[in-house]
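Subject: Structure handover

Hello,

Here is the structure for you to look at. Please open it next to this email and follow along.

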Amino acid sequence: MGNTAAAGTRRAVLIGCGIAGPVLAMFLQRIGVTAVVYEGSSVPRDEAGAFLNLAPNGMAVLDTLGIRDEVEKYGTQTTSTAFLNHKGKQLGLNPAETLLIKRGLLNKALRDAAVSRGVQIEFDKFFESVEHTADGIVARFKDGSTAEGDFLIGCDGIHSKTRYTVLPDAPHPQYTGVVGTAGYTRSDQAAPADGVMRMSFCLEGFFGYQTTSSGEIYWFENFHQAKEPARGELERTPHEEWKPKLLTKHRRDHHPVSAIIESTESGILGYPIYDMLSIPKWHKDLVCLVGDAAHATSPHVGQGVSMAMEDSIVLAKCLRDLDTPQQAFAAFQSIRKDRVEKIIKEGRKTGNQKAASNGFQRGVRDLVLPFFLKLGVKATEPVYSYRVDWDETVTPAHVAAAATH
């Protein structure tokens, strides 16, 4: 463990207070690294965004940190996922248990857990650039302030400013051809709070919902749109435009799809869905990228957040056990690259299958889907069962392996 003796003197600058930022800060704290998280937004955005299902492999990282209970209290258990066709016929069932949680509340839970353990988080610090010095790095922010550290980690998401500051030729995220929408409502037309997430292959889109124990319904919808929307276009589209558009798309689908959309009085949001295969190199000198900044999966396989959490624990282990940040960053990419790229490709494939264009394709899909769902459940087992052993030592052999990528 090359850095252990000097661990107390090390300082990390983390850019972004979404998922990876607070989680990584807590793991770095465990190895004696003082991490400060710098967030560009002026205040927490705990009410913003849609929701997600946190998978068992992500929950396992929370277990290792000892914060599972602090996160679970904000969510609802999903005990299984049922897949239906546009007529409401069940085509298959995935028995995996996940945690249904609003993204903003997950951010809050992780941030609160970090702060309660002494992690410093500063808001209104929009990252501008990083400079390497004889002693480490200096990060510069839009307000003119700076922060010094031994290394810097970009945790700032799929449109990472850190990525293009240090790796200006890195690939950009790709629009997947799918638009997502989501909302929250209450309706006596929906299924009861039975722990089941119901997802329907509809005529002109894909619709999913779950009723929580409080009676609130979380729902989402995906539809294909070939033309990439302009940046911010969908986010600016008001509820009053989304609602009739979605009702038109789903007017011929089974009950209660339209009833759920109709009962949503406000707050429908839309967003283009992007992904990004991991870039050729996730690090440069004393700067490294984690989570969506390095590799981004679409939400179709429910792994984006879990991947960021896994990245955080693996990177912390590499920094704990290897002699220099550069060695740690190389080993981190070597360990993580194959796993994340497989999941990103599976997410793109799943998204492309969400809408059949004609009746014949729908008929074929409904016949073969039960078989492929069983294969899919089997395929998710190694994804969900993956665990990072905190006590296992990262060896220099991982650095050697990194040179082959």
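Below are notes on one helix pair and on several salt bridges.

This is a predicted model, in which local features need pLDDT of at least 70 and side-chain atom pairs count only at pLDDT 80 or more, while totals for chains, interfaces and linings use all residues. Residues are numbered from 1 along each chain as its sequence is written, and side-chain values use heavy atoms, with hydrogens and water left out.

**The helix pair**

Two packed helices are described by the angle between their axes and the distance between the axes. Helix 1 (residues 20-30) and helix 2 (residues 56-65) have axes that come within 11 Å and cross at roughly 40°. Helices (H or I, at least four residues) and strands (E, at least two) are DSSP runs, numbered from the N terminus. Axes are lines fitted to C-alpha atoms, for helices over the stretch in contact, with angles running from 0 to 180 degrees between N-to-C directions. On the helix 1 side, the contact (heavy atoms within 4.5 Å) is made by Val23, Met26, Phe27 and Arg30. Helix 2 contributes Val61, Thr64 and Leu65.

**Salt bridges**

Side chains of opposite charge can pair when their charged atoms come close. The structure holds 18 salt bridges, each being a side-chain nitrogen of Lys or Arg within 4 Å of a carboxyl oxygen of Asp or Glu.

One of them joins aspartate 150 to arginine 11, with the closest N and O atoms 3.8 Å apart. This pair links distant parts of the chain, 139 residues apart: aspartate 150 is in the loop between strand 11 (146-149) and strand 12 (151-154), and arginine 11 is in strand 1 (residues 11-15). Arginine 11 has a relative accessible area of 32%, which makes it partly exposed (buried means under 20%, exposed over 50%, partly exposed in between, with a 1.4 Å probe and protein chains only).

Aspartate 112 and lysine 108 form another, at 3.0 Å from N to O. About one helical turn separates these two, because they are four residues apart in helix 4 (residues 103-116). Aspartate 112 is partly exposed at 31% relative accessibility, and lysine 108 is partly exposed at 23%.

Glutamate 310 pairs with arginine 336, the closest N and O atoms being 2.7 Å apart. Glutamate 310 sits in helix 9 (residues 304-321) and arginine 336 in helix 10 (residues 325-352), 26 residues apart. Both residues of this pair are buried. A network of salt bridges links Glu310, Asp311, Arg336 and Arg339.

Regards
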